[in-house]
Amino acid sequence: MPTDPVVLLHAWEQEPAVDHHCHPLRRWPFQLTALELRAAFTEAIDRRIPQEHVLQTAGYRAALRRLGDALGCEPTEAAILDLRNRAEPAEFANRILQRTNTGLLLLDYGFSGGDGFSPHEHARVVRVPQREIVRLETVAERLVAGTSDPREWLAAVRGALRSAVQAGAVGVKTICAYRADLRLRPVDTDQLGVAFTMLRHKAERQEPIRVTGAALCHALLFEAAAECRELRVPLQVHCGFGDPDEDLAEASPLGLRPLLQDKQYAGLRLALLHCYPYHREAAYLCAVYPDVYMDLSLAIPMAGDDGAQALKEALGLCPFSKLLYATDAARYPEVYLVAAAAHREALVIALGELFDPATALDAGRQVLAANAKRLYRLDG
Ligand SMILES: [Zn+2]
């Protein structure tokens, strides 16, 4: 007998989620525009997409409907923006975040659009408990100027990751898929030397440092993997779905095979982020490697009904003990709200169709919080 969706949703209300992959809010005060709200629901960089097309997506229409319901107004941009822009920002943000039923935020500060709250400010203004995930590439870029060769640089990066974890970070995240590709290959030391020298020259000229290309990014990823294994913290790897800065064709998690097969990384825990449309590949990895976990995060609010469908497809192979809840929300509380509601509903649909009522109930609890608590050792 299929599980009653209302019963499941209601039962999970007692289950504050661990949002294991999200980003800080934009520093207030500001007046949110329709274009900014639309831009929060697309991965497009080209402004014509939010200007002309986002309003024509199922995901954004569903977002407006959810926001209208939650705020008690018409599900239109004008009504939603009018209400939120007149509200006191801290009160509004905390009220909206409270509705997401989140018990803990694991925040990556690497993406904030340059005007996000700092970790210190965020902890002060947002009344949801929070921990930090340290972003590998950001740490590495800061350390170029103070080191003279790749070996010294990579050692400094490992030291910085260790310090961040000692200071309370619960994991490391890499955006290697954006900066290079995920087809991991052994690092060519000559190429690494040349690429590092070019970065050093930029640092000397005080130009912005951006770590890109396979030589630098793969070397960093291998070092971070070794360090995470030693520190016993998970390594989050962005794969699949993202903005067009990344080559989606090269962002399948299957390219991470060297980390999974090489004995020197045995015991390293990997959390695959986004995954869509490679969620089946990610689910396969979860099914065959004990230390691989996955989420569908951003695909769930953005892909409309396909989010729930993808969740169900992932659960074909991925054990529900390895699926993680995440909003990947950033900047605006509205995005948290929409992603949280969509994620819980998608779980109801997928788990309700796949399992008997008691199993679906238990599986949802694991996905919403228990799996992340175990993976990030959040209970002590
Ligand atoms: Zn993210």
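Visitor: How many strands does the open sheet have, and in what order?

Guide: This is a predicted model. Its open sheet has eight strands in the order 1-2-3-4-5-6-7-8, and the pairing is parallel. At the edges are strand 1 (17-22) and strand 8 (323-324), each of which pairs on one side only. In general, strands of a sheet pair through backbone hydrogen bonds, either parallel or antiparallel.

Further in, strand 2 (residues 102-108) is joined to strand 3 (residues 130-135) by four bridges, and Leu 106 stands opposite Arg 131 in this pair. Strand 3 is also joined to strand 4 (residues 171-174), here by three bridges and again running parallel; Ile 133 faces Gly 171 across that pairing. Strand 5 (residues 235-239) pairs with strand 6 (residues 270-274) in the parallel sense over five bridges, with His 238 opposite Leu 273.

A helix lies over this region of the sheet: helix 14 (residues 279-288) lies across strand 5, strand 6 and strand 7 (292-295), and runs at about 150 degrees to strand 7.

Turning to a helix pair, helix 1 (residues 5-12) packs with helix 18 (residues 357-375) at an angle of about 40 degrees, the axes being 10 Å apart. Helix 1 and helix 18 are therefore oblique to each other, and their crossing is right-handed. Leu 8, Ala 11 and Trp 12 of helix 1 meet Ala 360, Leu 361, Gly 364 and Leu 368 of helix 18. By class, this contact has six nonpolar residues, one polar and no charged ones.

Conventions. Residues numbered from 1 in each chain as written. Predicted model: local features only at pLDDT ≥ 70, side-chain atom pairs only at ≥ 80, totals over all residues. Pairing = 2+ DSSP bridges. Helix = DSSP H or I, 4+ residues; strand = E, 2+ residues; numbered from the N terminus. Axes fitted to C-alpha atoms, helices over the stretch in contact; angles between N-to-C directions. Parallel < 35°, antiparallel > 145°, perpendicular 65-115°, else oblique. Left-handed = near helix turned anticlockwise from the far one by under 90°. Contact = placed C-beta atoms within 7 Å. Nonpolar A, V, L, I, M, F, W, Y, C, P; charged D, E, K, R; others polar.
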